[in-house]
Each structure stands twice: as C-alpha cells, then as structure tokens.
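Let's take a walk through this structure together. Have the sequence and the 3D view open as you read.

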Amino acid sequence: MMANVTDLQTKYSKLAQEYSKLRAQNQVLKKGVVDEQANSASLKEQLKQRDQSLRKQEQEMDSLSFRNQQLAKRVELLQEELAVSEAKGKKGKNKGDSPSQHGLQTQNVFDEDLQKKIEENERLHIQFYEADEQHRRQEAELRARLEELEKDSEQHQAVVDELTTKYMETATRLQSDKARLEVKVQTLERESKECRMRTDECQQQLRRCQSELNRQVKQSSSVIQEKVPFNDTKFSDYNSLNVPPHNRRHQIKSRDVAGQALSFIQDLVAALLNFHSYTEQRVHIYPLDSSIEPISPLNQKFSQYLHENAAFVRPLEDSFLQLHQSITEDTVTVLETVVKLKSFADIFSSYTHFLQKILPYQLKSLEEECEATLCTAALTVKNQELQSDMKKVTSVFEKLKNYINLLALPSVQQDAMPQSSMSAVFTQLAACLHSLHDAVKEMSKHYNQKASLEQELPNVTQKLCTTTECLLGSLGSLTNSTGKIATFFSNNLDFFTSSGYGLKGSTLALNPLQAESMLANKKKATAYIHAITQPRPQTVPYREALSNRRILTSSTESREGLTQQVQQSLEKITRLEQEKEHWLLEAQLGKVRLEKENQRITDLEAQLTAVLGGSLNAQTPGNNTVAPSHEEAEMEHKMTGKETTLCTSLVGMLCTTPTVEHVGDEVSREQLIKSHYMARVGELTTQLQISDSKAVHFHSECRALAKRLAIAEKSRETLSEEVKLANQNITRLQVKCSPFI
C-alpha cells in the first residue's frame with residue numbers, strides 16, 4: 001500500500017516536471033511566433049513600398065512610351081518633309097546652288113535631330129527594360145520569402161496550438177490524477193487503519209492460539225510420557241512406531257521438478273536429432289556431393305550410423321516421460337523407489353555407446369575435409385579444433401552416463417550407497433552438466449568460425465550453405481538446452497541432495513517396504529479422517545426399526561413378485577407375438593393354397609369338358625376298338641408319369657414327378673419354410689424386446705447422468721467462485737499486512 005502511494009507520488013512529480021518543461025517551451029515558441037509576425041509585417045511594408053515604386057516606374061514607362069510615340073510621329077513627318085524636299089530638289093536642279101545648299105543644311109539639321117532622338121529612345125528603352133527586370137526579380141524574391149515566412153508562421157502556429165492542446169490535456173489529466181490520488185490516499189488510509197485493527201486482532205488471536213497450543217503440547221507430552229512407556233528410545237531404528245510421515249510438499253516439488261526437467265529433456269532431444277540429421281546431410285554434400293559422384297565408404301558408413309540416431313535419441317524422451325508420470329502425490333519419491341530411473345539410465349548408456357561408435361567416423365570425416373584440394377590452413381586448424389571438441393563432448397557424455405547409473409543403483413540394490421555419497425554424486429553431476437554446456441558452446445563457436453571460412457571457398461554451393469546454417473541452428477539450440485539443464489540442476493541441487501523422507505533419529509535411507517507401509521498408513525489415515533468428518537446417521541428406536549424391517553421385507557417381496565409378473569407378462573407377450581406371426585404366415589399360405597385349388601378345379605373342369613366332347617364324337621360300334629384305346633391311354637399315362645416337373649418359388653427350386661408323393665413333398669417343403677421363418681421371427685422378436693428394454697434402461701441412465709453432470713457443474717462453478725473469493729481475500733490480506741510484518 002505504501003509502495004503504491006510512493007509510486008503515485010513519483011508519477012505526479014514526473015508529470016509536474018514535464019508540465020514545467022512544456023510551459024517553458026511554450027514561452028519560447030510564443031516569442032518565436034511574435035518575432036516571425038513582426039518580420040512578416042516589415043516584409044509586407046517593404047512589399048507595399050516596392051509596389052508603389054513599381055507603379056511610379058509604370059507611370060514613367062507610360063509617359064516615356066507616349067513621348068516615344070510623339071517622337072515617332074515627328075520622325076515620320078520629318079521623313080515625309082524630307083521626301084517632299086528631295087522631290088523638289090530634283091525638279092529644281094537647274095535653279096541655282098544657293099537653294100540646294102540651304103536644303104542640304106536643313107536636311108543635316110533634321111538628320112542630327114533624328115539621330116539624337118533615336119539614341120535617346122534606345123537609351124530609354126534599355127533603362128526601362130533593366131528597371132522592369134530588376135523589379136520583377138525583387139518582386140519574385142519578396143513573394144518567395146513571404147510564402148516561406150507564411151509557411152513558417154503556419155507551422156509555428158500549429159506547434160503552438162498543439163502544445164496548447166497538450167498543455168490543457170496534461171493539466172486536465174493531472175487534475176483528475178490528483179483528485180483520484182487524493183481519493184485513493186484517503187481509501188488507503190482507511191484501509192491501513194482497518195489493517196492495523198485487524199493486525200491487532202490477529203496478534204491477539206495468535207497469542208491465544210500459541211497459549212492454547214502450548215497447553216495442548218504440554219498435555220500431550222504428559223500423556224505420552226505416562227501412557228506410552230513402550231517406545232524404544234535407546235534404539236530408535238527398531239521402534240515399531242517410528243514410521244516416516246508422507247511428505248506431500250516433497251511430492252509436489254518432485255513432480256514440478258520432474259516436469260521442468262522433462263521440458264528441458266525434450267528440447268535436448270530435439271536439438272540432438274537436428275544435429276545428427278543435418279550432420280548426415282552435410283556428409284552427403286561435402287567434401288563430395290553424392291548427387292554428382294559417390295562419397296567415400298567411410299562417409300557412407302558414417303551416414304548409415306547417423307541415420308539410426310532416432311532409435312537412440314527418442315527413447316530418452318519416452319523413458320523420462322514415464323519417469324515423470326510415475327511421480328505423483330500418492331507415491332514416495334526417493335532414489336530407492338524411483339524404478340523408472342534405471343530404464344532412463346540404460347537408454348542414456350545406449351546413446352553414449354552410439355556417440356562412442358560414431359566418434360571415429362566423425363574424426364575421419366573431418367580429416368577427409370582437411371585433405372580436400374581447396375582446404376586452407378585456417379580451415380584445417382578449425383577442423384582440428386572441432387575434432388578435440390567432439391572428443392571432449394563424448395567424454396562428458398560418458399561421465400554423465402556413469403553418474404546417472406550411480407543414481408539409478410539404489411532403486412535396484414538396497415543400501416548401495418550412503419546419503420553423503422549421493423550428495424557428492426549430485427554435486428559432480430551438476431559440475432559435469434556445466435562442463436557439457438561449455439564443451440557444446442565451444443564446439444558451436446568453432447563451427448561458426450569454420451562456416452565463415454567455408455563461405456570464402458570457390459566450390460561452396462547453396463545447398464551446402466543452407467545445410468551449414470541449419471547445422472549451426474541446431475548447435476545453437478543444443479547450447480541453449482544444455483545451458484538451461486545445467487542452470488536448472490544447479491538451482492535445484494539443494495532439493496536433490498536433501499532427503500524428504502527418513503526415520504526420526506536414524507541416518508538410514510528409506511527402503512521400498514517402508515515406503516509401502518507409509519502409503520498404506522496414509523490411505524488408512526485418509527479413510528479415517530473421511531469417516532470421522534462424515535455426519536453420522538441418527539439412531540432409530542428398536543420398535544420402529546422392527547416395523548421398518550417388516551415394511552422393507554414386504555416391499556422387497558412385493559417388488560420381487562411384481563418383477564416376476566412383469567417377466568411373465570413379457571414372456572406371454574413374446575409368445576403372443578410369435579403366434580400372431582405364425583397365424584399371419586398360415587393365412588398367407590392358405591390363401592396361396594386356395595388360389596392353387598381354384599386353378600386346379602378350373603383346369604379339371606376344362607379337361608372334363610374336353611374329354612366328354614371327344615368321347616361323344618369318337619364312339620364306335622365294337623368293344624374291341626375300345627379296349628386298345630384304354631390300353632394306349634394307360635401307356636401314355638405311364639410314360640407321362642415318368643417325366644419330371646420343376647417347381648420354383650422365392651426360396652429355391654424343387655424337382656418333382658407327378659406321383660402320389662408329389663403333394664407330400666410340397667407340403668413338407670412348405671412346412672420346413674414355415675418352421676424356419678417362425679424360428680427366425682421368434683429370434684428377431686426376442687432381440688427387439690431386449691433392445692427396447694436396454695434402450696429404456698440406457699435412456700434412464702443417461703438422464704440420471706445428465707442431471708448429475710448438471711449438479712456437478714453447478715457445484716464446480718460455486719466452488720470455483722468460492723476459491724476465487726478466498727484467493728482474493730488472501731491476496732488482499734497479504735498486501736495489507738505486508739507493511740506491518
């Protein structure tokens with residue numbers, strides 16, 4: 001609260017300083033505008049004077065032009081008189097010399113006068129032209145200067161207007177801020193008074209609670225000393241009641257740390273995958289391009305190994321993800337119980353073996369680059385430095401493998417390492433992570449220098465440049481990820497080295513059996529607390545309980561009877577449905593038989609009519625002729641009786657002979673068809689009824705679940721609002737009480 005008031009005061013002082021600066025600038029701009037206005041007025045006066053002089057010169061020009069016209073007219077008159085005199089002279093040549101001499105003298109005088117007038121006119125024209133040009137230049141200069149001054153004046157006026165507007169807005173904002181700050185100060189003062197009062201009350205409550213807790217501790221201590229004499233205080237390791245408590249904070253911290261480490265491991269895995277993939281691409285491009293000519297067998301083997309990098313790198317992320325998922329609030333997280341750490345250590349060991357396998361090929365590949373024709377001495381030096389960097393990185397990964405295997409050993413072998421040794425392993429692991437970061441950083445720096453030198457080679461292609469840039473980007477990501485992992489491990493080193501669980505008065509580590517007993521005790525304690533916090537049902541008198549039991553028994557019996565009745569009704573309905581289908585089929589079969597019988601009767605009547613008509617027409621007087629015809633009819637009947645007939649229907653075909661058994665075959669076939677369809681109809685009816693009952697049951701369950709979901713959503717919203725209000729109250733109390741703590 002006091003910090004907010006201080007911030008507001010500093011803001012108000014800054015605004016006041018800006019206001020004073022703007023006010024001083026406004027005064028300076030006002031003076032500049034006044035000066036420019038005075039200059040503009042003086043220039044306007046000069047322009048007026050120049051206009052007046054221009055008018056005078058124009059008047060003089062007009063007068064001179066008028067005078068010039070008069071002189072021109074006079075010259076014309078003189079020229080006419082000269083022409084007349086010359087004509088007269090030609091006529092009077094024979095008259096004496098005295099008149100001609102007089103005419104010549106007069107002509108000379110006129111010529112001189114005309115010459116003088118022409119020269120004077122030319123001089124006046126030149127003066128007028130020069131004055132006019134000078135006047136125009138001065139007028140243009142003055143007009144340009146006037147326009148420039150007007151533009152400056154407009155700009156200054158705009159700046160002045162803008163500053164005035166800004167000044168007014170700033171003044172208004174400062175006044176509103178001042179009023180708001182005054183109101184806020186008053187509010188904060190009231191809140192500070194309330195906080196003091198609440199602080200006093202809290203202190204009193206704290207004193208009362210401390211006194212009450214001290215009393216309870218004394219009472220509990222006396223009870224323990226008097227009533228629990230079976231505690232083995234001499235050998236606390238063998239005390240049956242010395243069970244370590246479940247540390248929920250330690251589990252939450254472990255879960256959080258494992259989650260952060262998982263994100264860093266994911267970044268590291270992505271960087272390693274990119275680094276190996278781009279290295280494989282570079283092997284196919286430089287020093288020989290595989291698309292143009294085959295690369296060396298060594299680089300082919302190296303590329304084959306690099307192509308398998310995902311099989312060694314990706315399991316690192318998967319195994320650590322399983323490790324993170326195994327750490328929950330309901331588990332015990334110590335080195336002795338983290339079984340998944342062993343699988344991560346094994347996978348990390350396999351990746352380290354992979355690095356050792358590809359290291360010779362990396363070194364040989366760099367040597368091939370040095371043996372190239374265009375490789376310079378500086379590039380050879382950088383390749384040698386990269387060889388040493390790769391060896392160093394591989395050796396650091398080997399150290400990391402050893403330390404991780406040591407940390408995974410307690411989960412496999414009990415009492416494998418004391419707690420002090422574990423702390424030393426964690427410390428060495430943190431130092432090794434920093435060494436890895438330094439080695440990768442050094443390798444990235446040397447690779448950057450090598451890439452800059454390769455850019456100067458004449459045989460460098462765009463494909464190689466792109467691959468090198470991608471490789472440098474992956475090295476940068478690898479440097480960042482290793483740096484983050486090293487910093488993260490160093491920051492959490494105290495947490496790693498501290499023991500969140502342990503027996504009181506014992507230096508032995510927690511074993512899995514004790515962890516299981518701890519979790520079992522935690523579950524029992526949770527169930528006990530849950531049981532004692534639940535409201536207990538009210539007691540019922542014995543007679544009322546007996547009557548309720550009789551009512552419940554009768555209700556149960558009646559429900560069972562009703563259930564049996566319902567089942568019987570369903571069976572009866574099923575049987576009736578089957579009988580209905582049976583009689584429907586019987587009716588259809590009877591209809592078909594009736595149609596067949598009617599057709600047969602019609603055929604027999606037709607045959608009888610034909611036979612009777614033929615017998616009347618074919619009668620003979622002798623009996624001998626009748627007997628042979630009877631025998632021939634019997635023979636024909638026998639021959640036709642041996643012929644087979646083909647009966648077809650919707651369900652198949654049946655070959656029969658016109659004998660006495662023909663009717664029996666048809667009846668048996670119809671009976672088989674009927675029995676088959678009746679059985680099928682019964683099965684379908686039963687399935688339909690079962691499906692209907694299941695659908696009704698599922699519908700009722702869905703409705704109940706929907707109601708429960710709506711109730712749960714409402715309760716969740718209510719609880720979230722309560723949590724928000726509680727957090728706001730806690731934050732407000734912390735802010736109010738922070739100056740007094």
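This is a predicted model: local features need pLDDT of at least 70, side-chain atom pairs count only at pLDDT 80 or more; totals for chains, interfaces and linings use all residues.

Begin at helix H4, which covers residues 297-307. Which of its residues are buried? They are Asn 299, Phe 302, Ser 303, Tyr 305 and Leu 306. If you look down the axis of H4, these buried residues fall within an arc of 160 degrees, so they line one face of the helix.

What does the buried side of H4 pack against? Its partners are helix H3 (248-285) and helix H6 (340-370).

Zoom in on Phe 302 next. It counts as buried because its relative accessibility is 2%, under the 20% cut-off. As for rings, the whole structure holds 13 aromatic pairs. One of them is Phe 302 with Tyr 361, a stacked pair at 6.5 Å centre to centre with 5 degrees between the planes. Phe 302 sits in helix H4 and Tyr 361 in helix H6, so this pair ties together parts that are 59 residues apart in sequence.

Elsewhere, ring pairs join Phe 312, Phe 320, Phe 344, Phe 348, Tyr 351, Phe 354 and Phe 397 into a cluster.

Lysines meet rings here too. Back at Tyr 305, Lys 357 lies over the ring face, 4.6 Å from the ring centre. Lys 253 lies over the face of Phe 495, at 5.9 Å from the ring centre.

Technical notes:
Residues are numbered from 1 along each chain as its sequence is written. Side-chain values use heavy atoms; hydrogens and water are left out. Buried means under 20% relative accessible area, exposed over 50%, partly exposed in between (1.4 Å probe, protein chains only). Helices (H or I, at least four residues) and strands (E, at least two) are DSSP runs, numbered from the N terminus. The arc is that of the directions from the helix axis to the C-beta atoms. Contact means heavy atoms within 4.5 Å. Rings of Phe, Tyr and Trp (its six-membered ring) pair if their centres lie within 6.5 Å; planes under 30 degrees apart count as stacked, over 60 as edge-to-face and the rest as tilted. A charge sits over a ring if NZ of Lys or CZ of Arg is within 6 Å of the ring centre and within 35 degrees of the ring normal.
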